[in-house]
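Here are a few exercises to work through with the model open beside you. Try each task before you read its solution.

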Amino acid sequence: MKFVDEFRDPAAARALVKSITELATGDEFKFMEVCGGHTHTIYRHGIEHLLPESVELVHGPGCPVCVIPMGRVDDAMWLAEQPGVIFTTFGDMMRVPGSQGSFFDAKAAGTDIRMVYSPLDSLKIARQNPDKQVVFMAIGFETTAPSTAMTMLRAAAAGLSNFSVFCNHVTIVPAIKAILDSPDLRLDGFIGPGHVSTVIGCRPYEFIARDYGKPVVVAGFEPLDILQSIYMLMLQLSQGRSEVENQYSRVVPWDGNLVALKAIGETMELRPYFEWRGLGFISHSALQVREKYAAMDAERLFQVPGVRVADPKACQCGEVLKGVLKPWECKVFGTACTPETPIGTCMVSPEGACAAYYNFGRMNRTRVAEAAQAGRS
């Protein structure tokens with residue numbers, strides 16, 4: 001790759017759409033794009049409108065902010081309010097609603113919550129404030145876990161005793177398995193997550209093809225990446241194959257990033273279970289700080305209450321994350337729930353499916369609905 005234009009070439013896109021259309025005759029196909037970044041590419045560039053009607057794309061649980069349950073947000077808020085604590089978090093968490101409001105609300109009320117671009121920024125804050133305990137809210141899939149792990153290793157090497165982590169890192173494979181085991185959704189294949197795969201590689205997805213007979217294609221994030229991945233899935237199905245293929249080989253190594261995986265393994269281990277928004281409790285689906293680094297585990301240091309909070313009844317983020325509903329099918333989408341006044345996390349996060357629909361697809365969908373209504377009247 002030299003220029004991004006290579007992956008947005010109209011002629012190449014038309015050729016791929018033609019090939020997909022030729023393979024899509026006589027049946028219906030439903031593919032899940034696991035990663036929220038893929039969802040935004042699809043709707044930013046109108047890819048769903050290019051595909052034949054028999055090919056449907058549904059959204060998966062690959063948005064790290066979206067899958068955090070409201071109870072964990074409340075736990076984080078409780079941590080931030082403890083005496084002597086400076087709480088740090090990524091910016092996309094600031095507007096995620098808990099039962100008592102968002103981090104922005106707490107910050108406005110005087111709680112010392114600071115946005116950071118990297119966990120290393122939290123180390124800098126800890127050095128500058130030796131009399132305070134700096135707690136970093138670590139979130140994300142395996143994509144961001146290495147940066148948390150490396151920060152912990154650096155803090156240990158520097159002997160910093162006032163830095164800790166509230167660990168909310170989740171792992172993608174158990175979530176995909178939970179979806180495959182769900183009776184609510186029939187899928188024909190997966191567009192595999194690109195960012196996560198740069199860390200874990202492609203090998204962990206082999207069980208999907210082997211045990212469930214579903215093809216997986218790990219994809220990049222440009223329009224041609226998505227279209228080529230769909231074509232590769234269609235080709236596998238037409239040939240009666242179920243394999244894991246790597247469309248994003250320019251970035252993703254088959255066996256992953258061994259240095260990153262080693263850092264994660266050194267500092268973290270799997271939790272027995274973890275609650276996901278919309279998916280409930282999934283065993284061994286998240287990471288926690290190892291006993292060896294207990295001095296940096298905010299959950300141990302502060303005895304976090306571990307509250308459970310039900311989502312607002314109007315919010316259907318859970319169904320969207322499982323691919324059961326499209327965002328526009330939610331009753332409050334685009335009315336009570338907007339990026340400015342979000343009810344659920346799928347509308348808050350830059351990777352959320354609802355935000356993607358609202359920013360790139362809502363008006364198109366509205367016009368389609370209006371046209372259909374006009375045709376019936």
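**Exercise 1.** Work out whether Tyr 212 is buried, partly exposed or exposed.

Solution. Tyr 212 has 24% relative accessibility, so it counts as partly exposed; buried means under 20% relative accessible area, exposed over 50%, and partly exposed in between (1.4 Å probe, protein chains only).

Before going on, a word on ground rules: this is a predicted model, where local features need pLDDT of at least 70 and side-chain atom pairs count only at pLDDT 80 or more, while totals for chains, interfaces and linings use all residues. Residues are numbered from 1 along each chain as its sequence is written, and side-chain values use heavy atoms, with hydrogens and water left out.

**Exercise 2.** Find how many aromatic pairs the structure holds, then classify Phe 87 with Phe 103.

Solution. Start with the total: nine aromatic pairs. Rings of Phe, Tyr and Trp (its six-membered ring) pair if their centres lie within 6.5 Å; planes under 30 degrees apart are stacked, over 60 edge-to-face, the rest tilted. Phe 87 and Phe 103 sit 5.6 Å centre to centre with 55° between the planes, which makes the pair tilted.

**Exercise 3.** Classify the pair of Phe 207 and Tyr 212.

Solution. Their centres are 6.1 Å apart and the planes make 80°, hence edge-to-face. Phe 207, at 12% relative accessibility, counts as buried.
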